[in-house]
Amino acid sequence: MTRPSVPARVKVWDMPVRLFHWLLLVLVAFSWWSGEEGNEWMPYHEWSGGAILALVLFRIAWGFVGSDTARFTDFVRSPRHSYAYFRSVLQRQAKAYLGHNPLGGWMIVSLLVVLLVQAVTGLFGNDDNGYEAPLSHWVPHDVSSLITTLHAYNFDLLLGLVGLHIAAVATHQLVRHDDMITAMFTGVKTPVAGATAGRMASNGRALALLAFAAALVYGLLRIGGGPSGV
Ligand code: HEM
């Protein structure tokens with residue numbers, strides 16, 4: 001008796017993308033909490049924001065030199081293509097993608113831009129309660145306060161995008177039975193008709209890029225008077 005064949009799995013997300021994603025989630029949650037707490041938590045908030053900045057800079061670089069599915073050229077499609085995909089979703093005829101689909105791709109780009117704005121504005125802020133971010137003295141105090149306001153509004157935008165992102169992933173998972181969440185942990189998925197597995201870049205390259213991004217952020221904090229000691 002022949003056993004039913006188990007569908008082969010194909011590698012979609014490399015280790016750097018998966019680590020980036022779940023670390024980002026933890027750091028965003030921690031930054032939210034520590035920012036709300038304020039006071040003695042501000043130095044930790046600063047470190048966590050710096051780590052987010054390093055991760056986002058790493059991910060942007062990985063979008064150019066990383067594995068095929070991590071590259072912007074793989075998932076940033078033209079507005080016309082993305083609109084056509086959107087219409088096909090409404091007609092329940094959407095094509096399946098191995099990596100990010102066209103709408104998911106734009107969501108990723110939006111998240112990265114908003115996260116970058118969030119981390120950079122944080123470097124120039126103050127809390128009007130004794131805490132001044134490392135680069136706040138590069139600008140006049142009222143400009144620093146204005147940037148802090150932008151930091152707060154941009155966070156609301158980030159929360160909105162994250163909510164949309166989670167809703168889209170959950171809908172996709174429930175309606176199309178595409179186990180995207182497990183794939184973000186394991187890196188593998190059931191193959192999609194017509195899609196071939198892409199090349200995976202080495203973890204060593206990712207580590208070198210991450211080290212470079214972290215050194216860049218640390219250097220920036222040092223130039224600004226040093227990261228807060230915690
Ligand atoms: C602070 C919260 C979150 C942020 C900032 C965030 C951000 C991101 C980013 C930037 C990516 C792109 C990954 C890459 O290509 O490098 C992504 C993908 C993804 N995220 Fe999240 N995420 C968050 C929470 C979550 C949660 C809670 C889940 C699970 C329920 C989730 C599930 C996924 C999945 C499945 C993908 C892959 C989507 C695809 O296949 O196109 N995310 N997320």
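Mentor: Helices (H or I, at least four residues) and strands (E, at least two) are DSSP runs, numbered from the N terminus. This is a predicted model, where local features need pLDDT of at least 70, side-chain atom pairs count only at pLDDT 80 or more, and totals for chains, interfaces and linings use all residues. Residues are numbered from 1 along each chain as its sequence is written.

Trainee: Okay, how many helices and strands does the protein have?

Mentor: Read from the N terminus on, the elements go β-α-α-α-α-α-α-α-β-α. The C-alpha trace spans about 75 × 40 × 30 Å along its principal axes. The tally for the protein is eight helices and two strands.

Trainee: Where is Pro79, and is Pro79 buried or exposed?

Mentor: Pro79 has its place in helix H4. A residue is buried if 20 or more other C-beta atoms (placed from the backbone) lie within 10 Å of its own, exposed if 12 or fewer, and partly exposed in between. Pro79 has 9 other C-beta atoms within 10 Å, so Pro79 is exposed.

Trainee: How far is Pro79 from Trp106 in space?

Mentor: Along the sequence, Pro79 and Trp106 are 27 residues apart. C-alpha to C-alpha, they are 9.4 Å apart.

Trainee: How are H4 and H5 oriented to each other?

Mentor: Two packed helices are described by the angle between their axes and the distance between the axes. Axes here are lines fitted to C-alpha atoms, for helices over the stretch in contact, with angles from 0 to 180 degrees between N-to-C directions. The axes of H4 (residues 79–90) and H5 come within 8 Å and cross at roughly 125°. Angles under 35 degrees count as roughly parallel, over 145 as roughly antiparallel, 65 to 115 as roughly perpendicular and the rest as oblique, so H4 and H5 are oblique.

Trainee: Which residues of H4 and H5 make the contact?

Mentor: Two residues are in contact if their C-beta atoms, placed from the backbone, lie within 7 Å. From H4 come His81, Ser82, Tyr85 and Phe86, and from H5 come Pro102, Leu103 and Trp106.

Trainee: Leaving aside neighbours within four places in sequence, which residues is Leu53 in contact with?

Mentor: Leu53 is among the core residues with the most contacts inside the core. Beyond those sequence neighbours, Leu53 is in contact with Ala119 and Val217.

Trainee: Is Ala208 buried or exposed?

Mentor: Ala208 is found in helix H8. Ala208 has 11 other C-beta atoms within 10 Å, so Ala208 is exposed.

Trainee: Last one: which element gives the most to the shell around the ligand?

Mentor: A residue is near a molecule or strand if its C-beta atom, placed from the backbone, lies within 6 Å of it. Of the 20 residues around the ligand, Val28, His100, Gly104, Met180 and Met184 come nearest. H1 (15–37), H5 (102–123), H6 (141–176) and H7 (180–186) each give two or more residues to that shell. With six residues, the one giving the most is H1.

Key. Core = buried A, V, L, I, M, F, W, Y, C linked by C-beta atoms within 7 Å.
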